[in-house]
Amino acid sequence: MGKRIGSSLKMQNRHLGAHAVLIVWSLLVLFPLWVMVINSFKDRLSIYNNPFWIPEKWNFANYAMVFRDGDFLNYFKNSFIVVVLSIALVLLFGAMAGYAFANWKGKASRVAFLFMIAGMMLPIKIASIKLLTMVRGLGLLNTIWSLVPIYVAMGLPIAVFVLTEFIREIPGELTEAGIIDGASRSKIFSMIIVPLLRPALATVGIYNLVPFWNDLWFPLIFITDERSKTLLLGVTRLFGQYQTDWSKVLAVLTLSAVPVIVLYLSMSRQFIRGLTAGAVKG
C-alpha cells in the first residue's frame, strides 16, 4: 500500500512539474501578443507611459485608419490570395507525392525521397539571387504570382515528409479492397486516401501558414508595385525616417494575426491528431 501511495505521489509530482513548465512557456508565448494587442488601442505617446498594461482610455482610431486606408485592405487581399493558393498547391502536390513515395518501393524511391526532404535542411533564401533571375525571366516580377511558386517550393519538403509517413501508416487492406473492387489508382487516392489524410493535411497547412503569412523577405525582393504588396511589406509604409507611429503598426499586426489564430483554433484538433498520428511515427 505504501509503495502505491509513493508511486502515485511521484507521478503527481511529475505532472505538476510538467504543468508548471507548460504554464511558464505559455506565459512567455502570450506575453508579446498581450503587449501587441493592448498597445494597438493606445495613441502614439501613451505607449511609452506603460507599455505592459491596459490603456486608461481605449483608442479605436488606429483600427479606423487601417480600414479607412484602402491600401491596407488591398495588402490583406494580396496576402490572403497568395497564402491560400500556395497552401492549396502544397497540400495537393504533397499528398500526391506522399502517396507515390508510400507505394513506390526500391532504392530509387529512397533516393528521391531523401532528395525531396533535403529541402527541410537547406533554407531557400540562400538562392534568392537565382530566384530573382528566374522570376524576372518568367515575367512575374512585381506581381503577387511571383510568390506562389516560391512558397510552394518552401512548403513541399515538410508536406512530403509528413504525408508520406502518414500514408505508410494507413492499413494496406484498404487499398487492396479498392483494387479488388476495380478502382483505379487515382480513385483510390481521391476516395480512400485523401479523406483519411485530413489530420495530416491540417498539420501541414497550419505549419506552412505562419511562415507564408509572415514572410517579408521575398515580397521585399520581388515586389515594388504598391498594388501588389503583401501585408507585412505594406506595414513598412508606417515606419518613418525619424519617428514611427507604433500604435498604428501594432494595430495592423494585430489584424494580421487574426487569420492565423482563427485557422489554428478551428483546426487545432485535426492539427494535434496529425502530429501524434502521422508525423511522429516515421
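W53 sits out in the open: its relative accessible area is 52%, which makes it exposed because the cut-off for that word is over 50% (buried is under 20%, partly exposed is in between, with a 1.4 Å probe and protein chains only). This is a predicted model, so local features need pLDDT of at least 70 and side-chain atom pairs count only at pLDDT 80 or more, while totals for chains, interfaces and linings use all residues. Residues are numbered from 1 along each chain as its sequence is written, and side-chain values use heavy atoms, with hydrogens and water left out.

Now for the rings. The whole structure holds eleven aromatic pairs; Phe, Tyr and Trp rings (the six-membered one for Trp) pair if their centres lie within 6.5 Å, and planes under 30 degrees apart are stacked, over 60 edge-to-face and the rest tilted. Two of the pairs are set out here.

| Pair | Centre to centre | Angle between planes | Kind |
|---|---|---|---|
| W34 and W53 | 6.3 Å | 55 degrees | tilted |
| F101 and W104 | 6.4 Å | 15 degrees | stacked |

W34 belongs to helix 1 (residues 2–39), and W53 to the loop between helix 1 and helix 2 (61–68), 19 residues apart. Helices here are DSSP runs (H or I, at least four residues) and strands are E runs of at least two, numbered from the N terminus. W34 itself is partly exposed, at 36% relative accessibility. In the other pair, F101 is buried at 10%, whereas W104 is partly exposed at 41%. Ring pairs also join F41, W58, F60 and Y63 into a cluster.

What does S109 touch, not counting residues up to four places away in sequence? F101 and W104, where contact means heavy atoms within 4.5 Å. S109 is part of helix 4 (residues 107–117) and is buried, with a relative accessible area of 3%.

The largest cavity holds about 60 Å³, a volume being the space filled by probe spheres set on the points, which are joined across faces, edges and corners. Its lining includes S79, V82, Y151, W213 and D215. Helix 3 gives the largest share of that lining, three residues.

Note on methods: On a 1 Å grid over the protein atoms alone, a cavity is a set of points where a 1.4 Å probe fits but cannot get out, and a pocket is an open set with protein on both sides within 12 Å along at least five of seven lines; lining residues have an atom within 4 Å of a point.
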